[in-house]
Amino acid sequence: MGNDSEKIVRTIGVLTSGGDAPGMNAAIRAVVRTALSRGLKVRGIRRGYLGLLNEEIIDLSARDVSDTIERGGTILQTARCKEMRTEEGQQKAAAICKKYGIDGLVVIGGDGSFAGAQKLANLGVNTIGLPGTIDLDIACTEYTIGFDTAVNTAMEAIDKVRDTSTSHERCSIIEVMGRDAGYLALWCGIANGAERILMPEEQDFDEKVLIEDILENKRRGKKNYIIINAEGIGDSINMAKRIEEATGIETRATILGHMQRGGSPTCKDRVYASIMGSLAVDLLIAGKSNRVVGYKHGEYIDFDIDEALAMRKAIPEYQYEISKILAL
Ligand code: ADP
Ligand code: F6P
């Protein structure tokens with residue numbers, strides 16, 4: 001992957017890619033200010049890989065990231081970009097990095113974005129990935145930028161739905177984000193005391209069993225039945241109709257949607273994202289490339305992107321079992 005002299009980094013680029021996540025700005029700010037403090041130049045790339053291919057590249061100063069740590073979204077914007085999945089797109093992106101003198105690139109996003117970073121690393125652009133997704137579905141890390149804010153946002157919204165659901169003695173289905181991953185649903189299910197959590201990882205979901213449990217729950221004297229349903233299972237509105245018809249219990253569906261991805265980041269997201277952003281720059285300065293920064297067993301560590309992408313993580317079964325016990 002290039003000799004040592006090719007790894008001397010003078011200009012660092014930073015981009016955000018895939019779904020945005022609260023805390024991305026804290027990471028960008030940390031990249032910019034750490035790089036500047038180490039005497040490097042920083043270039044911001046707008047709209048992820050799409051912006052890179054369109055050469056939407058700006059210089060970033062310390063003041064450009066003032067008043068951003070508390071802001072949700074990403075000041076650099078984000079995008080999805082099909083062209084980056086092609087070999088021609090990847091070669092063009094690497095050539096543009098070279099044209100702009102970007103010899104180190106920090107990519108903030110999920111696994112898809114890391115796959116892009118991996119391709120660029122193979123083409124001679126030193127890259128470091130930072131895990132940015134509200135889904136928590138990056139296998140090499142126990143923490144992803146944005147999850148803490150999103151799960152707290154969802155939790156607060158679900159508390160409000162619970163108030164009205166209890167008053168009316170209803171069944172409520174609350175759909176949270178997570179097309180392929182159930183972490184948001186699991187955490188909300190435990191934090192909000194849900195009776196049932198539905199996650200895409202659950203292969204054997206049986207609506208008939210759910211309906212029987214709702215009836216049993218009523219017999220036990222509970223005033224409501226909260227179902228946290230991950231987007232990957234979805235169909236909440238129709239499911240509510242079916243449940244109401246089968247149980248005679250009024251049932252409402254609430255889809256929280258993209259409000260979960262916005263808002264001011266929590267303290268945890270600001271701090272972890274700041275530390276990760278700063279570490280990314282120091283890894284590049286140390287001559288590292290094709291790495292992802294993660295957080296595991298109480299420590300920040302970095303992994304080879306190839307290894308990180310090959311890792312798998314599953315919803316901890318015991319946590320799911322605990323959520324069921326606590327719904328008694
Ligand atoms: P995330 O980064 O959150 O997983 P996506 O899967 O949408 O989000 O990926 C973000 C972007 O990363 C894609 O739009 C594409 O530009 C780039 N990307 C995804 N997969 C690859 C790949 N296999 N090779 C190169 N680039 C990729
Ligand atoms: O950011 C992750 C995520 O929120 C997933 O949970 C969800 O499936 C997806 O992004 C939806 O993204 P979009 O609506 O931007 O395509």
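Me: Which residue of E10 is the bridge partner of Ile128?

Reply: In this predicted model, the partner of Ile128 in E10 is Arg291.

Me: What makes E5 and E10 a pair of strands?

Reply: Two strands count as paired when at least two bridges are found between them. E5 and strand E10 (residues 291-296) have 2 bridges, and therefore they meet that condition. The pairing is in the parallel sense.

Me: What joins E4 to E5?

Reply: Strand E4 (residues 104-109) is joined to E5 by 6 bridges, and the two strands run parallel.

Me: Why is strand E5 described as largely enclosed by the rest of the structure?

Reply: The reason is that 6 of the 6 residues of E5 (residues 126-131) are buried, a term that requires a relative accessible area under 20%. The burial holds on both sides: Asn126, Ile128 and Leu130 point one way, Thr127, Gly129 and Pro131 point the other way, and all are buried. In a regular strand, side chains alternate between the two faces of the sheet.

Me: What makes strand E2 count as mostly covered?

Reply: Of the 5 residues of E2 (residues 41-45), 4 are buried. E2 pairs with strand E1 (residues 11-16) in the parallel sense over 4 bridges, and Val14 stands opposite Gly44 of E2. E2 is also joined to strand E3 (residues 57-59) by 3 bridges, here running antiparallel. In that pairing, Gly44 stands opposite Ile58 of E3.

Me: Which elements make up the right-handed β-α-β unit that includes E2?

Reply: The unit consists of E1, helix H1 (residues 24-37) and E2.

Me: How do you know how many disulfides there are?

Reply: A disulfide requires two cysteine sulfur atoms within 2.5 Å. By this rule the count is 0. For Cys171, the nearest cysteine sulfur is that of Cys188, 17 Å away; since 17 Å is not within 2.5 Å, Cys171 is in no disulfide. Cys188 is likewise in no disulfide, with the sulfur of Cys171 as its nearest, 17 Å away.

Me: What is noted about the phi angle of Glu55, and why is Glu55 called neither buried nor exposed?

Reply: Glu55 is not a glycine, yet its phi is positive, about 55 degrees. Glu55 lies in the loop between helix H2 (48-53) and E3. Its relative accessible area is 28%; buried means under 20% and exposed means over 50%, so Glu55 is partly exposed.

Me: What makes Asn290 count as buried?

Reply: Asn290 has 2% relative accessibility, and this value is under the 20% limit, so Asn290 is buried. Asn290 also has a positive phi, about 60 degrees, although it is not a glycine. Asn290 is found in the loop between helix H9 (267-285) and E10.

Me: What lines the largest pocket?

Reply: The largest pocket has a volume of about 830 Å³. It is lined by 32 residues, of which Gly18, Gly19, Arg80, Gly110 and Gly112 are the closest to its centre. H4 gives the largest share of this lining, 6 residues. The lining comprises 8 nonpolar, 13 polar and 11 charged residues.

Key
Residues are numbered from 1 along each chain as its sequence is written. Chains are lettered from A and ligands numbered from 1 in the order in which they are written. This is a predicted model: local features need pLDDT of at least 70, side-chain atom pairs count only at pLDDT 80 or more; totals for chains, interfaces and linings use all residues. Side-chain values use heavy atoms; hydrogens and water are left out. Buried means under 20% relative accessible area, exposed over 50%, partly exposed in between (1.4 Å probe, protein chains only). On a 1 Å grid over the protein atoms alone, a cavity is a set of points where a 1.4 Å probe fits but cannot get out, and a pocket is an open set with protein on both sides within 12 Å along at least five of seven lines; lining residues have an atom within 4 Å of a point. Grid points are joined across faces, edges and corners, and a volume is the space filled by probe spheres set on the points. Ala, Val, Leu, Ile, Met, Phe, Trp, Tyr, Cys and Pro count as nonpolar, Asp, Glu, Lys and Arg as charged, and the others, Gly among them, as polar. A crossover is right-handed if, with the strands pointing away from the viewer, the path from the first strand over the helix to the second runs clockwise.
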